[in-house]
Amino acid sequence: MQKIIKTNGISDIATLVLPSHSEHCLTICGKNDLEMNRILSEAMQERQAVPLGRFVFAGCKHYENFRKNTSPSDAVTTWLQGDACNDGEISSMQCSAVSGIKPMPVKVHGRPIGFVYEDEHARYCRLSGVSPENISLSRGEQTREIFEIMNAGLLQHGFRFTDTVRTWLYLDRLLDWYDEFNIVRTTFFEENGVFNKMVPASTGIGASNQYGAALICDLLAIQPKTSEVKIKSVKSPMQGSALDYKSSFSRAVEIAFPTHRNLLVSGTASIDMNGKSVHIGDCEKQIDLTMRVVEAILKSCEMGWNDLFRGIAYFKNMSDRTPFDKYCKDHDIPKFPLAVAHTDICRGNLLFEIEVDAVKVKD
């Protein structure tokens, strides 16, 4: 097996070639919706791959045109306009896909919300673009409804919520109600035994959606078939547990397969060991600390920048992409599928956040 990353200046695609199937991540930055769909379609056809889900970071005014030019059989789309945007242009799209196996759709109340698939090692459930059914509910009630919808999708296919290894949580006007969201999430986790097993990795970002809902969510669950597959949370050497400040997620989660290891690093920002935001007002220093925190997590799992497979970088001010690009160049961080998003971060004094996945092929 091997990991392959191809870049051409327009799109970046990473492929993990496994004995039974291949996993793909494609990122396209700075193109219009028709061009994005064309690039995605050609890449998927070339690899005979099935898209599982995709993030599109763009102004909501573009959604209807995008939808009209998207096949109904395509992956569920998580459409995100950052709270910091003024209905901006499309900044990037990131799509996950598989080839060599056939994913089966997941539906709740007749609505498609993702796919399940399996290989010789595990069963997987990838839910995407999950929104509440009743957006007239309060924000807390919409949050509860989304967790119930995701749980229903999991249960239909023999999963439990405790099989969840990662979530993506995009809250409209996050800074107005993030504390309320955390209370609802923690209560749901308590009721469903999450704290008795493993708290998933996660990203929580401020972004609106095409439905006008309080939030929209993605989820990844993995159910091992054998004891050879081991899943565990990973601590951050440079940060304390997020649970200490009542935010229910793990800094990272590692999934060890017989052939390779996956490391899912949660959304990471300029937060110190005591849970305090640091380098207020200085994005360059926030980027530096954030990237050193991520590097320390990678090193704790015997990985490095060369093992990156996918990621999303979130900027409160898009002008701060310049110092980020400089940091990557100065530290020899190689090209990989990295989406770029203009959003609010989970605290008003944070300017930058990044999430990454890494893959280490076993010798």
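**Sheet architecture and helix packing in the predicted model**

In the predicted model, Gly 311 is placed opposite Val 356 of strand β18. This position belongs to the pairing of strand β16 (residues 308-315) with β18, which is antiparallel and extends over seven bridges. On the sheet order, β18 lies between β15 and β16. The pairing of β18 (residues 352-361) with β15 is likewise described by seven bridges in the antiparallel sense, and His 260 stands opposite Val 361 of β18.

Strand β15 also pairs with strand β14 (residues 252-256), in this case through five antiparallel bridges. Here Ala 256 faces Arg 261 of β15. Strand β15 spans residues 260-268, and nine of its nine residues are buried, so the strand is largely enclosed by the rest of the structure. For this assignment, a residue counts as buried when its relative accessible area is under 20%.

These strands are part of an open sheet of six strands with mixed pairing, arranged in the order β13-β14-β15-β18-β16-β17. The edge positions are taken by β13 (230-234) and β17 (338-342); each has a single partner strand, so one side of each is left without a neighbour in the sheet. From one strand to the next, the twist averages 10 degrees. Helix α5 (residues 283-300) lies across β13, β14, β15, β16 and β18, and runs at about 25 degrees to β18. Helix α6 (residues 321-330), in turn, lies across β16, β17 and β18 and is oriented at about 150 degrees to β16.

A further open sheet contains 12 strands, again with mixed pairing, in the order β1-β2-β3-β6-β4-β5-β11-β10-β12-β9-β8-β7. Its edge strands are β1 (2-7) and β7 (104-108), each of which pairs on one side only. The twist in this sheet averages 20 degrees from one strand to the next.

Helix α1 (residues 33-47) touches β1, β2, β3, β4 (49-57) and β6, and its direction makes about 160 degrees with that of β3. Helix α3 (residues 139-156) packs on the sheet through β7, β8, β9 (122-130), β10 (164-171) and β12 (215-224), with its direction at about 30 degrees to that of β12.

Strand β3, one of the strands touched by α1, lies between β2 and β6 in the sheet order. Strand β2 (residues 11-17) pairs with β3 in the antiparallel sense over seven bridges, and the two strands form a hairpin with four residues between them. Strand β6 (residues 92-99) is also antiparallel to β3, with eight bridges in the pairing. Ser 22 of β3 takes part in both arrangements: Val 17 stands opposite this serine, and Ser 22 in turn stands opposite Ser 99 of β6. Of the eight residues of β3 (residues 22-29), seven are buried, so this strand is largely enclosed by the rest of the structure.

How values were computed:
Residues are numbered from 1 along each chain as its sequence is written. This is a predicted model: local features need pLDDT of at least 70, side-chain atom pairs count only at pLDDT 80 or more; totals for chains, interfaces and linings use all residues. Side-chain values use heavy atoms; hydrogens and water are left out. Buried means under 20% relative accessible area, exposed over 50%, partly exposed in between (1.4 Å probe, protein chains only). Two strands pair if DSSP finds at least two bridges between them. Axes are lines fitted to C-alpha atoms, for helices over the stretch in contact, and angles run from 0 to 180 degrees between N-to-C directions. Contact means heavy atoms within 4.5 Å.
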